[in-house]
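Let's take a walk through this structure together. Have the sequence and the 3D view open, and follow along as we go from one contact to the next.

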Amino acid sequence: MKPFQYVRPTRLKDAIEAVASDPNARYIAGGTNLIDLMKRGIDSSEKLVDINGLPLKKIEKRNGFLRIGALALNSQVAQHKLVLENHPLLAQALNAGASGQLRNMATVGGNILQRTRCPYFYDPVFPCNKRKPGAGCGALEGINRTHAIFGVSKNDPTQSCIAVHPSDFCVALSALDATVVAVGIQGERRIPFSNFHRLPENRPDLDTNLEKGELIVAVEIPDAVFTKHIHYLKIRDRASYAFALVSVATALDLENNRIKSARLALGGVAHKPWRLLEVEKSLVGQPVSEATFRKAAELAMQGAKAFEHNTYKLTLTPNAIIQALKNAVALV
Amino acid sequence: MDEFPGSEAHPGPDHQEDRRLFLKQSLALAGLTFTPFPFQQADGAEPPLADADKIPLSLSINGTKRRLAIDPRSTLLDLLREQLGLTGTKKGCDFGQCGACTVHVDGQRVLSCLSFAIMQQGKKIMTIEGLSNGTQLHPLQESFIKHDGFQCGYCTPGQVMSAVSCIREGHANSEAEIQEYMSGNLCRCGAYPNIVKAIMDVKTGGQAV
């Protein structure tokens, strides 16, 4: 690991200035992803700005939304009364991710900013456009069984990226229309979750639309009615402690056994959490039935494209959508 | 431990101490021969820091306050093992995938391999060495022995530290729940059924952990 300078500011302003003014500086909070990347030489930051001294841990109800501080730990959020009461889908998604130890370390901000677990990104022997734009993509002709089936660049895939976003929490945040609150040199701004993560296109090195030096201070989740008919379904290679091959976050509001409103997002299938707005619209007014869910899953798969080793996702994904919807309404 | 006085599979305390001393001496000799730098990394490419560039760190380890000077690159795991000789905490994968390095920081289980030591300023660290009360083993240590919750034993310190948290966190209410909340600790010998039994036994026994 390269030597780095370590600072621990106690004022937000100082932290932001320290990172904004130095191209080789980076924030560190839980460190569960960054330290891993630094050990492997994938990240070689020369200055780490430890933000754990900043007051960003609060989870609170405000007018119209739940606000979760960026430094709240994954384990704290997953068991917090306000989260369980208002947005239990978030707790389900968090508990499906990582392990007890990692959830005690990983923060909300860091979870949102975690990088892909594509093995070619992690192995400097292989070319990777995310590590080094223009280098090529090892996964395209490699073992791409965990890779994307949606949102892949149509222009020149050899210059792009087919990796997937690894977070479970983000899939639920996407479905629940969260907003990311970020503070930079220019002040504070609110970024809708759908516009926070990027598709790779011609800049696969960029995972998000955050500006240099901008720090996530909180996420806000608007009040909603989704407390009863929710489900986070995660399909993985082993029963626990593995990244999703495919995951589904769903929330339904029912009235007289018909769907009044629906939320649906996928994980493990694209460079960003894959929100299914069209499918949500199509579900409104439909009766709660397996036939309805089958139709929704079919619509969700439009535009999907597989690579050599992940064609199974073309079958697994719609099946997972149907199962998640059935679980949400306890339809056997 | 009295059940297995000095047997091959479960050497008694004296044998363990002898073996540890031998290992430490061997490591020290190997260290003199092959690794001139205390902070040499696996890739070997980066130079060690001069003492003057080390950063002061104060923290409590197993109830003892320590004032140290450390390389900012040092993980908590490397600090414990390499600088302080607390080799009970194991280095398995060193990348946060196996749980062998699990310790408690301010009472919460974390992975010491993915924690920079410098970020533990003022914190209370508890390792497997601090879990027992003198020669009186912690109930979970006793239970792992009783239920044969290990084979080679390499993952055991991490399993035990994690198991203590699993019960304290309130996630040891069924075998299925224990399996889920212990999933961050891998056991390549496959002692899982006995590990689950060991935890269930302490939980249902109602002993304070």
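Within chain B of this predicted model, 13 residues of domain 1 are in contact with 10 residues of domain 2. Which elements of domain 1 of chain B give two or more residues to the side that touches domain 2 of chain B? They are strand 3 (102-105) and strand 4 (108-111) of chain B. Strand 3 of chain B makes the largest share of that side, with 3 residues. Sorted by class, the side of domain 1 of chain B that touches domain 2 of chain B has 7 polar, 4 nonpolar and 2 charged residues.

To place these two parts on your display, look for domain 1 of chain B at 54-127 and domain 2 of chain B at 139-205. Their centres, taken over C-alpha atoms, are separated by 22 Å.

Now turn to where the two chains meet. Here chain A brings 21 residues to the contact, and chain B brings 27 residues. On the side of chain A that touches chain B, helix 2 (34-39) and helix 6 (100-103) of chain A are the elements that give two or more residues. That side of chain A has 9 polar, 8 nonpolar and 4 charged residues.

Finally, stay with chain A for its annotation. An unreviewed UniProt entry carries the annotation "domain: FAD-binding PCMH-type" for residues 1-226 of chain A. Over residues 1-226, chain A is 25% helix and 18% strand. The end C-alpha atoms of that stretch of chain A are 45 Å apart.

Technical notes. Residues are numbered from 1 along each chain as its sequence is written. Chains are lettered from A and ligands numbered from 1 in the order in which they are written. This is a predicted model: local features need pLDDT of at least 70, side-chain atom pairs count only at pLDDT 80 or more; totals for chains, interfaces and linings use all residues. Two residues are in contact if their C-beta atoms, placed from the backbone, lie within 7 Å. Helices (H or I, at least four residues) and strands (E, at least two) are DSSP runs, numbered from the N terminus. Ala, Val, Leu, Ile, Met, Phe, Trp, Tyr, Cys and Pro count as nonpolar, Asp, Glu, Lys and Arg as charged, and the others, Gly among them, as polar. UniProt positions are given in the numbering used here, feature names are shortened, and annotations may be inferred rather than shown by experiment. Domain bounds come from an automatic or database domain assignment.
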